[in-house]
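This briefing goes through a few features of one model. Look at the sequence and the structure first, then read the points below.

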Amino acid sequence: MFTNLPLFPQQASVQAGQVDAVYFFLVAVSAFFSLLIAVLVVVFAVKYRRRADDEIGFAIHGSLPLELLWTFIPLAIVMVMFAWGAKVFFDLHRPPAGAMEVFVVGKQWMWKVQHMDGQREINELHVPIGKPVKLIMGSEDVLHSYYIPAFRVKADVIPGRYNTMWFTATKPGQYHLFCAEYCGTRHSRMIGTVTAMEPPEFQQWLSGGRAEDSPVAAGAKLFQDLVCNTCHMGDTQGRGPVLTGVYGKPVQLQGGGTVVADDAYIRESIMNPQAKIVAGFQPIMPTFQGLVTEEQLLQLIAYVRSLSQPGTAPVPAGPAKQ
Amino acid sequence: MANGRSGGEHYPGPMHIPSLHGDPGFAGHSGEPPGMYPPHHPKLQHHFDDMADQAEASTLGMWVFLVTEIMFFGGLFMAYLVYRSAYPTGFQEASNHLNVYWGAANTVVLICSSLTMALGVRAAQTSAPPRTQVGWIVATMVLGAAFLGVKVIEYADKFTHHLVPGPYFQWTGKYPDAAEIFYSLYFCMTGLHAVHMIIGLGIMTVIAVMAWKRQFDASYYTPVEVSGLYWHFVDIVWIFLFPLLYLIGFHYH
Amino acid sequence: MSGHITPKNLYYFVFLALLVGTGLTVVVAKFDLGPLNNVVMLSIACAKALLVILFFMHVRWSSRLTWVVAGSGFFWLLILFGLTMGDYMSRGWIAGSLR
Amino acid sequence: METPTLNYLNNGHGLASWLLTKDHKRIALLYLVSITVFFAIGGIFATIVRLELLTPAGDLLTSETYNKMFTMHGVVMVFFFLIPSIPAVLGNFLIPIMIGAKDLAFPRINLLSWYIYILGGAFTLYVALTGGVDTGWTFYTPYSTAAANSHVIAAALGVFITGFSSILTGLNFIVTIHRMRAPGLTWFRLPLFVWSHYATSLVMILGTPVIAITVLMVAAERALHLGIFDPALGGDPILFQHLFWFYSHPAVYIMILPAMGVISEIVQAFARKNIFGYSFVAFSSLAIAIIGFLVWGHHLFVAGQSVYAGMVFSFLSFLVAIPSAIKVFNWTATIYKGSVLLESPMLYAIGFIGLFTIGGLTGLFVATMGIDIHVHDTYFVVAHFHYIMVGGAIMGYLGGLHYWWPKISGRLYNEAWARVAAIVVFVGFNLTFFPQFLAGYLGMPRRYHAYPPEYQVLNVLSSAGASILAVGYIVPLIYLTFSLWKGKKAPADPWGSMGLEWEIPSPPPTENFTVTPVVTHGTHQYAPSKEVGVG
């Protein structure tokens, strides 16, 4: 895996090729212009070197055509760079539907990962090759940044909200995982390994190890332990809105306006329930700030999501009958 | 040399170093001999041509400084804008705990002080007697002090009601988090404004003493003028702070 | 020195206008006009600020340079506000990416 | 060309005559001494960082100490060396002379700005001596407000205070350039050095207040437990980044624009030729200053900023490359058919053109969103901004210092040593920072105390280069200091250059000009104009 002096990083994802293509284009342009300027400056400096103490240069004041030339040619070139770079970036921010989702929580100074099947890892990430993987990432304390150089992907992990990133690994192997956003004393130790595997091996890996609840099942359990189910019931009798089928749908808010019930909204509703009240309900829900960890939050979100995916949901935690 | 680069071909005669130092462009001097200047005003600094020049420079300097002040407060207004748009109702709820009448009274006090300041500048411009000049400036200072007095009352009230952000912050209503952000911004913005008021009072004290010593008249009133600009600017900041902090929740309950 | 001397009456007139503006903005704030509250509130504040700048601060009679300097402060403030809010407003426009 | 007996250096003796001076030239020297001290301090921190990175294991220092070292390096170099360097020393000294004035518009404010700088510096030294700060020079929240366990408040106050020094310098320059020009010195006859300082001053007065209030908010949040950026209350750490970079990106132009002004002067003087495309070079300074305010979001591409906002910022970032390119092409064209003398200032200028070109072009990489997602927060970025700040700003500063040294000190330095030093700096610089591009693209994150072993060879090269670079910086310190006592007396115009500053004796008299000069044309008009170009 490691040689003594690599000069170019491994390409191990679909994204790596796309990023490198833009990179090579810029390297070529830069090399051309650097050399052009260097050669011109050196040639001029030597060719027109001063041969007598009293010598002066030509009075050339400028040339509008030349100025326009070296304004608009670079402009055209950088616009290509902009458009191409933006396209690559845009694609890196649109995870395909059906991507395999993995929860990542950063904290000083480790990466905690939970797969949808319940596998947990610390400072490691196992992914299958050839399948888009989407990371949903939160932080328990300060800013971190999840960075896999071989995949050319990176995204800051931000406390208080979620950030996502996605990639499709192409080459089995072990790759560096770094924290790229300075996060304190052991920032440089907040590293790990990403292991890309052939899908069958990945399945085997998934089913191995300690059996743990999937995030959805864990979330369902939390939903009961925190007695969420006394208000958010399966029917409209509860004091809180019914959560079945709301995920990803617009929700009418009290005082007008709507909000899409996405991960961020669910998170906000748990941590800061008064912020956006669903129309027709009283602001009576207490905050769960300090009562649930980032990981548990992600599990609750996974559970609420599952309520909108008929068939995939586990047995809903039946509301306790009053 | 065939390419004509040597100075001689284009520029006959002695080589360029003596020639350019004999260049009338730089060495020439067409300024009046010293005797032609009008007698120096005692307040004219040596590097300015005349009093108008000096006044223009000072006024421009103050305006440039006020631009930096706009950006200085701008950072806080930026934070306000972001959080207000993120937590509109929370901010309204929090704003409700400010006393609109104290705020409005302070607005009127500051507007009055701006008027007295403007009249103070005018008094200097028109060479009014020092008594008049000092009178307007002292009136401005009294109003400024009154503003700060009201601010003290308001702060004390927030303190007793545990509305000062931090470990002792208590909020029984809805949106405790947004309220704490609101009050953090409230104290930063009004606090920074109050610091500017205090600095303003210090400047006005100096100006009043200078006016009392008969230093200002129609030929020289730059210090009053630029201090006035500062004072008016601080007033303008409050003109925005008042509605943004006090009035957004006025209709709320 | 050649400063413009503003008539006293103009100062009193501006002063009255500022008081009226203050009263108006308090009265309007008492009514719930929805988003219009903000518009009215800020319009009145801007008008008041403009009066102070133009008359009390003598910009009305100042050089073009003073206009440019005063204007540039507010212009740069708008750059800060505009581009930053551009970020906040457009977050979550892409489905699947999170706010 | 006899040296007048009385000049600004010997007009008054004793400490008080320096510490209470209102003479812009003496204040420039106060700045020169103090920024040299801070440069040395920042250099020591850099040395420690480079020593640590010789081995991958992180075995020289604890992580905590290492983090403080790179933070202090950044804070000292950015706020106490690079930002004041050229404006406060060369700008302060030269702007009044170049525009034919006796002093800056506000001499007392000029002195005040030095004292404010020293006060801010005192805070920073206090931080350095009592345990340091470990947030990185960027002070990112919530680490700085909630997690860091070091002197964040004192460091933030140091930055806050020194910001006002920068603001007052910018204010002084703007008013001076507007109001104090000699008769006949129209805007389009101004030396390009003055143009670039005017543009710099715009950035100073429009940007600096925002960083001042931002670090003040951080200090207040930390000290008083306010909740402004606190995510636990729903605050947004990214708001801090917006406010921080609103200043700190344009701040890069505070560093590079004055250096561009220096290079424009040196290239004209040592090619004995007026600049090619004067108005393009002049306006490109303004364009960089103004467009530079619209691009800060490119620091936030992977920070969680909206993709669309990122695209706007990326687009604008590419636009700011154009005026920089225009300058480089115009300098190159100026050398064409000149009468080029490769003395030490010109060596620095040519070095600047080369390094700035690389720094600028790699700026395109980080402005390209698709590439930035990979290189953001890696050594690629570190290399890029060192090419701009060290390869650009410091080369410009050294070039300018050498060019105007005879004017400032009245003495000539040893030219042979100066050429050697210029070449050593160039070589050492490239060896230090070019390997960092490679390490960055390989994925080595910045601010790493320990790193995977495959990056070691590149890091050893970089540390080796740093030691060469250090020699390159120490040598000029020696021969320039030496010249003060042993150097030959400098004539008014040792280079055969043109410009008002070369019209007056070296060193200049206290009042600069005995009579107000009247200007009839622009500077550096070595040959009579035969054609009317776009200049």
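A nonpolar core is a set of buried Ala, Val, Leu, Ile, Met, Phe, Trp, Tyr and Cys residues joined through C-beta atoms within 7 Å. A residue is buried if 20 or more other C-beta atoms lie within 10 Å of its own, exposed if 12 or fewer, and partly exposed in between, with C-beta atoms placed from the backbone. The model is predicted: local features need pLDDT of at least 70, side-chain atom pairs count only at pLDDT 80 or more, and totals for chains, interfaces and linings use all residues. Residues are numbered from 1 along each chain as its sequence is written, and chains are lettered from A and ligands numbered from 1 in the order in which they are written.

**Nonpolar core**
- The largest nonpolar core has 403 residues, and V104(A), V64(B), L185(B), A156(D), V215(D) and I335(D) touch the most other members.
- The helix α8(D) gives the most to this core, with 24 residues (helices are DSSP runs of H or I, at least four residues, numbered from the N terminus).

**Chains C and D**
- In chain D, 14 residues are in contact with 13 residues of chain C (contact: C-beta atoms, placed from the backbone, within 7 Å).
- On the side of chain D that touches chain C, α10(D) gives the most, with 4 residues.

**V142(B)**
- V142(B) lies in helix α7 (residues 130–160) of chain B.
- V142(B) is partly exposed, because 15 other C-beta atoms lie within 10 Å.
- The C-alpha atoms of V142(B) and S113(B) are separated by 8.4 Å.

Definitions and conventions:
Two residues are in contact if their C-beta atoms, placed from the backbone, lie within 7 Å. Helices (H or I, at least four residues) and strands (E, at least two) are DSSP runs, numbered from the N terminus.
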